[in-house]
Amino acid sequence: MAPKIRELPAEKLRRVCDPSQFEFTTTEDLPELEEIIGQERATRAIDFGIDIPCYGYNIYALGPAGAGKMTTIQTFLERKARTEKVPNDWVYVNNFQDPYQPWAISLPPGGARVLRDEVDEMLESLQEEIPRAFESEEYDQHKARIAQELDEKRTAEFKRLEAFVNEQGFALLRTPMGLVFAPMVDGQPMNEEQYQALEPEKKEELEKHRPILQKELEKATRRVRELEKEAKDRLRNLDKEIAAFTVDHFFEALREKYGQHDEIVAYLDAMRDDMIQKIDTLRKAVQPPGEGAAGGETMPAFFAARLKSPFDRYRVNVIVDNGDTEGAPVIVETNPTYQNLIGRIEHKAEFGSLVTDFSMIRGGALHRANGGYLVLDAKAVLSSPLAWTSLKRALRNREIRIEEMAQQLSLVATVGLAPEPIPLDVKVVLIGDPQTYYLLYSLDEEFQKLFKVKADFATEMDWTPENLKKYALFIHNRCREENLRHFDNEAVAKVIEYSSRLVENQEKLTTRFAHVTDIVREASYWAGRNGHDLVTAADVQKAIEERVYRSNQVEERIREQIEDGTIMVDTDGEVVGQVNGLSILSLGDYTFGKPSRITARTFLGQKGVINIEREAKLSGNIHDKGVLILSGYLGGKYAQEVPLSLSASICFEQSYSGVEGDSASSTELYALLSSLSGFPIKQGIAVTGSVNQKGEIQAIGGATKKIEGFFDVCKVQGLTGEQGVIIPERNVKNLMLREDVVEAVRQGKFHIYPVRTVDEGIAILTGVEAGERQEDGTYPEGTVNHAVQNRLRELALKLKDFGRKEEEKPEEESSEAEAQGLL
C-alpha cells in the first residue's frame with residue numbers, strides 16, 4: 001500500500017505582503033519616523049543606563065553588524081543630552097611655583113574662551129605698557145638719583161679710606177690690577193729706587209702698617225659692595241613698584257569680574273606676582289623682526305621666530321570649550337587611541353632639543369565628553385595599546401590624568417609634565433559584538449564593575465501591521481535623508497518580503513537595517529536606470545537579483561560541475577543506500593545551498609556506525625554527535641530482543657573539506673535504512689533535517705537556501721515533476737522561497753515535504769510504508785521497518801554462527817594433534 005504523503009501547498013512556501021493593506025500610495029506621502037524600530041529591549045536598557053546616576057552604570061551595546069546600534073544610541077543620547085545642562089569648560093594654566101604641574105581650572109560654559117581672550121588682550125597691552133613705563137622721565141630721574149647717591153657714597157667711602165691711608169704714611173694708588181698702597185715721602189708716593197734706599201729699620205716700620213691698611217681696604221671694599229647691593233635693591237624695588245603700578249590696574253578689572261571664582265583669583269594673583277618678579281625679563285622681551293632697534297641689532301628672523309615670548313607663560317590653554325554646546329555633549333570617538341582618549345602632551349624642537357610646557361597640553365575625547373556621553377567601538381579600544389587600561393583607570397578613579405605614553409612604556413624615569421587631574425563625570429557606551437562582551441565579562445573583573453548595563457540588540461522583530469507601517473516610515477526616512485527616489489506601496493511590500501527572507505522566518509522581519517538600506521539604495525539606482533520616477537516592485541526585484549548575481553559565481557561553477565557530471569549528484573532514478581543531502585556554504589556576503597551525495601554501506605561486524613568523515617578528521621563535534629545518535633535510534637527501535645550487531649560506514653562523497661552540523665543526520669539515517677532494508681531511495685528527492693534518538697525530525701537552519709540550491713540543480717538537469725525536498729515540519733515557518741520555486745511547486749514540477757518522524761521521511765523516499773510496531777514487537781510484512789528488522793536479525797544470527805564456528809575450529813585442531821601424538 002502506497003504511503004500517505006503530505007506535501008506543502010505553494011501558499012505555505014512564502015509569505016506575501018499585500019500592498020493593498022497600506023494606506024499610502026508612495027512613501028513620499030508618509031510622515032517622519034520618530035522612533036527606533038524593533039529594539040524595545042535594547043532601548044529600555046539604554047534609557048535606564050543613561051538615566052541612572054550611580055557609579056559603574058556604563059553601557060555595553062551588543063549585537064551583530066547592521067543592527068542599528070550606533071544609530072539607536074546616538075538618537076537616545078542626543079535626545080537625552082538636549083535636556084541636560086551644558087558642562088563646564090576647562091583650562092590649563094601655568095603653575096608659577098612648579099611649572100611641571102600645571103593647574104586645571106573649571107569655568108562656566110563659554111567662560112574658557114572669554115578668560116583666554118581677556119588674558120591675551122591684557123598681555124598685548126602689557127607688552128606695550130611695561131616698556132613705556134620704564135621709558136618715562138620720572139623713572140629715569142629715580143634711577144639717576146639712586147645712581148648719583150651710590151656714586152656719592154662710594155666716593156665718600158674711598159675718600160675716608162684714602163685719608164686713613166695717608167695718616168699711616170701711605171698713598172692709595174689705582175692701578176689696572178686694583179687698589180695698592182705705596183709709602184710716601186714729602187707727600188708723594190715713593191718709587192722703587194727711593195724705597196730701596198731706605199734704612200732697614202724704616203722699611204720694617206712701614207711694613208708693619210700694611211696689614212692694618214689691607215684690613216681697612218677690605219672693610220671699605222665690603223662697604224662699597226653693600227652700597228652697590230643696596231642700590232641694586234633700590235633699583236629692583238623701583239622696577240617692582242613701577243611694574244606693580246603698571247599692571248595692577250589691568251588685574252583689578254579681572255579680579256573684580258572673577259571675584260567669586262577663587263581658583264581664577266588665585267591664578268591672577270600668582271600671575272601678577274610672577275610678572276613683578278620677572279619684570280626684567282618682560283622688559284627685555286624679544287621684539288619681532290623689523291621693529292625696535294636698527295636692522296643690524298635685530299635678532300635674525302629665523303631664531304626670533306622660534307623664541308617664545310616671555311609673556312606666553314601667562315596665557316590660558318583652553319582644553320574644553322562648551323561655549324557652543326547645546327545640552328550635554330555626545331562624543332563619538334572613531335579612533336580611540338590612548339592619546340585621543342586621555343589627551344596628550346605635545347613637544348616641539350628648539351635648537352636641537354624637545355621642549356614642552358602647559359600650553360602644549362591637548363585634551364582627549366574624555367575631556368570633550370566630560371559631563372556628557374562618550375561612544376566608543378569596543379574592538380577599536382581593545383586593539384589600541386594602553387587605551388583600554390587608561391579608560392578603565394579614568395572611570396574607576398573618576399578623573400582624567402594626562403600622562404605621556406612614553407613615560408608609561410619607558411624603563412627610565414624622565415622629567416615631564418604632570419598636569420593636575422580633571423574630575424570626570426561621563427557615561428561611556430561601548431559598541432561591540434556579543435563575543436567580545438562575554439569574553440570581557442569572563443576575563444576582566446573591572447569590566448563587570450564599570451559596565452553594568454547590557455543593551456542587547458535583537459536581529460529580528462515580529463511581522464505585524466504596526467511594524468509594517470514602521471518599515472514604510474523607515475524607507476521614507478532613507479529616501480528623504482539620502483535624496484533617493486520614493487517607493488510605491490508595491491515596492492515597499494517587496495522590501496518587507498526581502499526583510500523576512502533575510503531572517504528566514506515568515507513571522508519575523510529583520511532589524512539589521514543596514515542590509516535593508518542597501519536594497520533601498522540599489523533599488524533607487526535601478527529605478528533611475530529604468531527611467532522610473534518612483535521605485536517599483538520590479539526595481540526592488542532587480543536590485544535583489546543583481547546583488548545575488550554579483551556574488552554567486554562560485555555557486556554557478558558548482559552547479560556547472562554537477563551538470564557535467566564532475567560532481568556526482570543524481571536527480572532521478574532510485575539507488576539503494578544513497579541519498580542527496582543538503583548543506584550550506586557561506587562565502588562572505590553570500591550563502592547558498594549545495595546538494596551532496598551521501599552513501600551508506602552495511603555489512604557483518606560489530607563496529608557499529610563508522611563515520612568516514614570523523615575517521616579522516618574532516619568532521620566537527622556537532623556532526624560527530626549527530627552520527628552517534630544514529631546508533632541510539634537503531635538500537636532503540638530494532639534491538640530490543642536481538643543485539644545490534646552490524647558494521648556500517650557513512651560518507652559524504654566528494655567532500656574534501658570539513659563537515660559540521662547535524663542537519664544531515666536524518667539523511668544519513670535514511671541511507672542506512674535503505675542499505676539495511678534493500679529498498680532504493682528516489683534520487684530526485686533531497687533531504688535535510690536533524691534527528692534525535694526517538695526518530696523525531698528536528699529543525700535546522702538554512703532551509704530556504706537548501707531548497708533553492710537543490711531546485712536550481714534539478715532545473716539545470718531538467719524538472720521531472722517527481723523532484724522535491726524533505727524538510728522538518730518545524731521549519732515550515734522558516735520558508736521564504738524565491739518566487740520561481742513557489743511557481744514550480746504550484747505547477748506540480750517540484751515538491752516540498754514536511755515530516756515529523758523518520759518513518760514519514762523513509763516512506764516518501766522509498767515509496768514504501770515504514771510500518772508501525774505490532775504488539776509482538778514485529779512490523780508488518782512489506783514495510784521498511786520489517787525489512788530492516790529482519791536484516792539486523794539476520795546479521796546477528798550470522799555473527800553468532802560465525803563465532804560458534806570459530807570456537808569449534810580450535811577444538812578440532814586440538815583433537816587431531818592428540819591423535820597424531822598417540823600414533
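Asp533 is located in the loop that connects helix H19 (513-529) to helix H20 (537-551), helices being DSSP runs of H or I of at least four residues and strands runs of E of at least two, numbered from the N terminus. With a relative accessibility of 71%, Asp533 counts as exposed (buried, under 20% relative accessible area; exposed, over 50%; partly exposed, in between; 1.4 Å probe, protein chains only). A separation of 69 Å is found between the C-alpha atoms of Asp533 and Arg791, which are 258 residues apart along the chain. The model is predicted, with local features requiring pLDDT of at least 70 and side-chain atom pairs pLDDT 80 or more, whereas totals for chains, interfaces and linings use all residues. Residues are numbered from 1 along each chain as its sequence is written, and side-chain values use heavy atoms, with hydrogens and water left out.

An open sheet is formed by three strands in the order E3-E2-E7, with antiparallel pairing (two strands pair if DSSP finds at least two bridges between them). Strand E3 (103-107) and strand E7 (317-320) are at the edges with a single partner strand each, so one side of each lacks a neighbour in the sheet. Strand E2 (residues 89-93) pairs with E3 over five bridges, and Val93 is opposite Trp103 in E3. Helix H3 (residues 111-133) lies across E2, E3 and E7 and runs at about 175° to E7 (axes are lines fitted to C-alpha atoms, for helices over the stretch in contact, and angles run from 0 to 180 degrees between N-to-C directions; contact means heavy atoms within 4.5 Å). Helix H7 (residues 262-277) lies across E2 and E3, at about 135° to E3.

In the whole structure, 56 salt bridges are found (a side-chain nitrogen of Lys or Arg within 4 Å of a carboxyl oxygen of Asp or Glu). In one of them, Glu708 is paired with Arg501, the closest N and O atoms being 2.7 Å apart. This pair links distant parts of the chain, as Glu708 belongs to helix H25 (residues 703-717) and Arg501 to helix H18 (residues 489-503), 207 residues apart. Glu708 is buried at 3% relative accessibility, and Arg501 is buried with a relative accessible area of 18%. Arg223 and Glu226 also form a salt bridge (3.8 Å, N to O); these residues are three apart in helix H6 (residues 200-257) and are therefore separated by about one helical turn. Arg223 is partly exposed at 37%, as is Glu226 at 44%.
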